[in-house]
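Q: Could you walk me through this one? I'd like the overall picture before we go into details.
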Amino acid sequence: MAEGESCTGSAAEIKEDFEIIDKKQIPNPTELKNEEKEKTEEARWSAPILSLAKKASENLALSYGNALKSASLVGFISKPVSNDSTAKTSARYHAMEERANLMNMMKLSIKILIQSALSLGRTLDSDFPPLQQFFVVLEHCLKHGLKVKKTFIGQNKSFFGPLELVEKLCPEASDIATSVKNLPELKTAVGRGRAWLYLALMQKKLADYLKVLLDHKHLLSEFYEPDALMMEEEGAVIVGLLVGLNVIDANLCLKGEDLDSQVGVIDFSLYLKETQDSDGKQDGGITAVLDQKHYVEELNRHLSCTVADLQNKIDCLEKTNSKLQEELAAATDRIGSLQEEQQQLKQQNELIRERSEKSVEVTKEDTKVELDTYKQSRQGLDEMYSDVWKQLKEEKKIRLELEKELELQIGMKTEMEIAMKLLEKDTHEKQDTLVALRQQLEEVKAINLQMFHKSQNAECSLQQKTEAISSFEGKTNEMMSSMKQMEERLQHAEKARQTAEERCNKMKQELAGRLDACRQQMSQLDSKCSTLEKELKSEKEQRQTLQRELHQEKDATTLLKTELQQMEGLKKELRKLQDEKQQLEKVCEEQEQALQEMGLHLSQSKLKMEDIKEVNKALKGHTWLKDDEATHCKQCEKEFSISRRKHHCRNCGDIFCNTCSSNELALPSYPKPVRVCDTCHTLLLQRCSSNSS
C-alpha cells in the first residue's frame, strides 16, 4: 500500500504531462494470467529437458521479466524507447543463446571424442566420426560472429583469416602455415582453414595457438563482431576444454578435394546414442530428443512472438501516457498483479535452482566415482613403484660389483698399455732401421744400374774407336807406300834432270824447243808436291788427335776396371745385407704375430669395457627427450616436418627420423621388440655376439 500511495503521489505531481486514451487499448491482468497459464500448459508436455532447453527457458524468463518490469515502469517514468534499441537487445539475447548452445555442443563433442579415442586405444584417422563432428562444431564456433569482407569478386566470410595471425604471434606455427600454403590441391580459404586445424591437432598445439589468438583480442576485432564467441568468455572456456585433446594421437589425411567440398552439418545421432546407452531406453530415446527439439523450436517462436507483442504494448503505452491520470486505480491493481507474477517467477526461479543443484549433486557423485578409480589406480602405481625400487636396489648392487670389475680391468688395461708402448717403441726403431736399409738397397741398385749402363756405353765406344784406329792405320800405311813411291820418283826425276841438264848442255841447240815443255811439266809437278805436302800435314794432325783419344780411352778403361772392382765389393756387401734383411724379416714376422695376439686381447678388453659402459648407462638411466626439444634428427641431422615424423629410441631416449630408427629389438625393460636407432642396434648386436662367443 505504501508503494501504491507513493506511486499515486508521483502521478499527481505530473498530471499535466499525460493525455487521455481509451481503456480498451491497455491489456487486462486476467488476459496476462491466461497467457501465462497457456505457456505453462505448453511447457508441461516436454518432461526430458536437455541443458540447451534449460538455458533457453532461463533466457526466456529473464527476458519476459525484464520486459514486464519495463512495461510496469513506463506508467510512472516517461522514457523514450526506440525500435533500434529493442532490436539491439533482441540481437544481443540471440547471440548469447547461440554462444551458450555452441559451448555446450563443444563440451559434448570433446567429451565423446576423448571417451571414444581412449576406448579405441589407437591413433585416430580422418574417417573417425566423433573426430569429424568435433571439427564441424569447432568450425561453427570459429565462424560465429565473423565479419563479412567485401572484395572485387564478392563478399567473403572465412575463418582462415584469424588463423593466419597465429603465424605472426607464435613463430612455432610457421611450419603449419607454410605446409598449408604448399598444398596445391587446396583452392578455397575454408579448405586451408580445415587443413590448418588438422595439422594443429596432430601437433597437439591447437589449444596453445587459439589461446595466443584470444590473448590478442584487439587483432581479432578486425575479423569478429563484439558479440562473437571468440571475443567473449565462452572462447576462453572452449580453449580450456581443447587442452584435454593432447591425450589423443591423430594421423589425418589432407586431401584438397575433401577439405574444400565438405559440408559442415552437426550430426546429433552420436550424442543421442550416448543418452540412449546411459538411460537404457533405446526405443523412446529418439522420440524424446525429437520432442525436446520441437520444444526448443516452439520456445524460440514463442519468444519472438512475445518480444513483438511487448514492443507493440510499449508503443501503445507511450501513446497513452496522457490518459494514465484517470486510470491510477487500474494501474495500482495491475501493479499488484505484477507483484503476484513476480512471486510466481521467483517460484519458477527456485525450481530452476533446485534442478541445477540436483545436477551439481550428480556431477559431484561422478567426481567421487572418478576419485575412487583414481585412488585404486594410484595404489596399483605405488605397488609398481615399490617393485621398481627393489629392482633399482638390486641393480645398484650389480653396478657396484661391475665397478669393482671395471677397476681391475682398468689396471690390466694400464699394464697392457705400458707393454704396448714398449712394443711400439721397439717396432718403431726396427721400422726405422728397415727404412734405412731399404734406402741403402735402393741407392746400391741405382748405382749398379748406372755402372752397368756406363760399362755398356764404354764397350760400344771402344769397339767404334778400335775400328776407327784400324781404318786410320790402313790409311797411314797406304800414305807411307805412296810417299815412298813419290820419293823414288823424285830420285828418278832428279837423275833424269841431271842427265837432261847434261844433255841440255850438250844438246842446247837440239832441245831448245823442248825446254818449254819440260818447264811446264816441272810446274805441274811442283803443284802436286805442294798438295801432297798439305795432305801429309793434315794426316799428321789427325794421327796426333787419334793418339790423344787413345790415351783418354785407356784412362777411361782403367777407371772402369777400378769401378768394377768396387762393384764386386758392393755385391758382397749386398749379399750380407740381404742375409741381415731376411733375419730382420723373420724377427718382424714374429713381432707382428705377437702384436696381432696383443691386438686381439685388447679388442676383447675394449668390447668388455664398452659393454660395462653401456650397462652403467642403462643403470644410470637415459634421459627421455621431449618432442619440443628436438627439431632435427640426431643421426642424419635432417629437420623434422609433417612428412618426416619424430620417433623415440627406446634404448637411449633420443629422437630420430623413421629411416634412422627403423630397427626393432627386444630390450630388458620391454618384453616385445621395440623401436631402436641404428647406433643402439649395432651396439646391442655386438653385445649379443660377444656374450654368445
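Q: OK, how many helices and strands are in the protein?
A: This is a predicted model, and in it the protein has 17 helices and six strands.

Q: And what share of the residues is buried?
A: Of the 693 residues in the protein, 26% are buried. The protein exposes about 48800 Å², of which 53% is supplied by carbon and sulfur atoms.

Q: What about contacts, how many join residues at least 24 apart?
A: Taking the contacts between residues at least 6 apart in sequence, 71% join residues at least 24 apart.

Q: Let's switch to L434. Where does it lie, and is it buried or exposed?
A: L434 lies in helix 15, which covers residues 328-506. L434 has a relative accessible area of 12%, and because the cut-off for buried is under 20%, L434 counts as buried.

Q: Which residues is L434 in contact with, leaving aside its neighbours within four places in sequence?
A: Those are L584 and C588. L584 is 150 residues away from L434 along the chain, yet the C-alpha atoms of the two are separated by 8.1 Å.

Q: Now helix 7 and helix 8: how do their axes cross?
A: The axes of helix 7 (residues 174-182) and helix 8 (residues 189-202) come within 10 Å and cross at roughly 140°, and the two helices are therefore oblique to each other. Their crossing is right-handed.

Q: Which residues make that contact?
A: Helix 7 contributes I176, S179 and V180, while helix 8 contributes R192, A195, W196, L199 and A200. By class, this contact of helix 7 with helix 8 has six nonpolar residues, one polar and one charged.

Methods. Residues are numbered from 1 along each chain as its sequence is written. This is a predicted model: local features need pLDDT of at least 70, side-chain atom pairs count only at pLDDT 80 or more; totals for chains, interfaces and linings use all residues. Side-chain values use heavy atoms; hydrogens and water are left out. Helices (H or I, at least four residues) and strands (E, at least two) are DSSP runs, numbered from the N terminus. Buried means under 20% relative accessible area, exposed over 50%, partly exposed in between (1.4 Å probe, protein chains only). Contact means heavy atoms within 4.5 Å. Accessible areas come from the Shrake-Rupley method with a 1.4 Å probe; for residues, only the protein chains shown count as cover. Axes are lines fitted to C-alpha atoms, for helices over the stretch in contact, and angles run from 0 to 180 degrees between N-to-C directions. Angles under 35 degrees count as roughly parallel, over 145 as roughly antiparallel, 65 to 115 as roughly perpendicular and the rest as oblique. A crossing is left-handed if the near helix is turned anticlockwise from the far one by less than a right angle, and right-handed if clockwise. Ala, Val, Leu, Ile, Met, Phe, Trp, Tyr, Cys and Pro count as nonpolar, Asp, Glu, Lys and Arg as charged, and the others, Gly among them, as polar.
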